[in-house]
Amino acid sequence: MASVSIEKVMDKFNLTNLTPQIDLTNIKIQQPDVNRPALQLAGYFEHFEETRLQIIGFVEYSYMEYLPEGRKKDVYPKLISDKTPCFIFCRGLRPDDLFLETALKNNVPLLLTEKSTSSFMADIIKWLNVRLAPCISVHGVLVDVYGEGVLITGESGIGKSEAALELIKRGHRLVSDDVVEIRKVGKDTLIGSAPDITRYFIELRGIGIIDVKTLYGVQSVMDTANINLVIRLEDWDKEKKYDRLGLEESYTEYLGNKVVCHNIPIRPGRNLAIICESAAVNYRQKKMGYNAAQELYQRVQNSLTKPHDEDEETSVIK
């Protein structure tokens with residue numbers, strides 16, 4: 001099961017640790033949902049999702065301030081369970097001494113953010129949904145071309161990295177080379193990213209590893225991109241019939257989501273960067289409602305069905 005450590009959450013959102021005594025090494029979040037424990041503070045624990053990240057906003061904090069000390073001693077031990085990954089206090093609000101004491105006793109970290117509650121919840125839910133989404137790794141190169149995420153696949157040594165490097169020189173952006181981590185973050189949305197260890201690097205046979213971010217600048221890289229189009233490179237086979245019109249789309253599937261896929265035959269002299277650019281622009285054009293292949297097909301059909309008046313043509317010639 002995918003998980004995210006509390007330390008990564010702290011680093012990502014610049015949170016303050018109010019319980020530095022607690023070792024965060026093995027404390028992880030395993031689900032993207034969060035919980036605001038307003039009902040639990042009122043005493044209702046029937047459907048308490050204690051394994052979720054708990055967020056304390058201004059409403060919860062105000063209610064806690066008015067709770068009698070005896071009521072706090074009854075509610076806090078039930079609320080702060082050792083199964084809870086952490087509590088995050090928003091708007092710079094700080095817990096009272098009893099809340100802090102109970103958290104330390106049950107080894108539950110308390111974190112602090114200056115952000116408003118709704119803003120912080122939106123940010124962390126979006127981030128957790130990506131980090132904890134179903135994930136697979138595929139061999140390929142992911143490049144952002146004109147705002148479209150293009151996943152280039154094919155056998156080792158066929159020219160994927162070289163095509164990506166040429167695209168980068170033409171102003172497009174690298175997401176990942178060699179290994180692409182694909183996460184399903186929605187019903188129709190796949191997001192690709194690079195493993196931490198290889199981020200911003202490209203391997204070129206005969207040269208070695210190059211750092212794209214250092215050589216071409218921060219504008220040449222991205223951390224993540226939607227996967228909108230797959231280009232599968234393969235050796236040219238003169239016996240194989242390749243699609244020359246594109247009237248019917250071909251698809252490949254990742255994590256149950258279908259993605260448009262083009263099989264591109266490779267032979268000396270073909271400019272892969274221009275082919276990838278054209279495929280990305282053509283894909284965008286189709287999304288905007290224009291299909292060049294359909295337009296050509298319609299013109300041909302209109303030409304074949306157009307009536308010809310031989311006498312009229314003869315008179316025009318005369």
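A salt bridge here is a side-chain nitrogen of Lys or Arg within 4 Å of a carboxyl oxygen of Asp or Glu. By that rule the count comes to 15 salt bridges. Before I go on, this is a predicted model: local features need pLDDT of at least 70, side-chain atom pairs count only at pLDDT 80 or more, and totals for chains, interfaces and linings use all residues. Residues are numbered from 1 along each chain as its sequence is written, and side-chain values use heavy atoms, with hydrogens and water left out.

I will take a few of the salt bridges now. Asp74 forms one with Lys78, the closest N and O atoms being 3.9 Å apart. The two sit four residues apart in helix 4, residues 69-79, so about one helical turn separates them. Arg71 joins Asp74 and Lys78 in a network of salt bridges.

On burial, the cut-offs are these: buried is under 20% relative accessible area, exposed is over 50%, and partly exposed is in between, with a 1.4 Å probe and protein chains only. Asp74 is partly exposed at 34%, and Lys78 is partly exposed at 46%. Another salt bridge links the side chains of Asp196 and Arg199, at 3.0 Å from N to O. Asp196 counts as exposed, at 54%, while Arg199 is partly exposed, at 23%.

Then there is Glu181 with Arg183, at 3.5 Å from N to O. Are these two buried or exposed? Both are buried.

Glu181 takes us to a sheet. Glu181 is in strand 12 and stands opposite Ser137. Strand 12, residues 179-186, pairs with strand 8 in the antiparallel sense over five bridges; two strands pair if DSSP finds at least two bridges between them. The whole sheet is open, with four strands in the order 8-12-13-16 and antiparallel pairing. Strand 8 (135-139) and strand 16 (224-226) are at the edges with a single partner strand each, so one side of each has no neighbour in the sheet.

Next, strand 10. How many of its six residues are buried? Six of the six, so the strand is largely enclosed by the rest of the structure. Glu148, Val150 and Ile152 point one way, and Gly149, Leu151 and Thr153 the other. In a regular strand the side chains alternate between the two faces of the sheet.

Strand 10 has an antiparallel partner in strand 9, with five bridges between them, and Asp144 stands opposite Gly149. Strands 9 and 10 form a hairpin with two residues between them, and Tyr146 in the turn has a positive phi of about 55 degrees. Strand 10 also pairs with strand 17, in the parallel sense, over four bridges. There, Leu151 has Val230 as its bridge partner.

Last, the core. A nonpolar core is a set of buried Ala, Val, Leu, Ile, Met, Phe, Trp, Tyr and Cys residues joined through side-chain atoms within 4.5 Å. The largest one has 31 residues, and those with the most contacts inside it include Val150 and Ile152. Among the elements giving two or more residues to this core are strand 9, strand 10 and strand 17. Which element gives the largest share? Helix 9, with seven residues.
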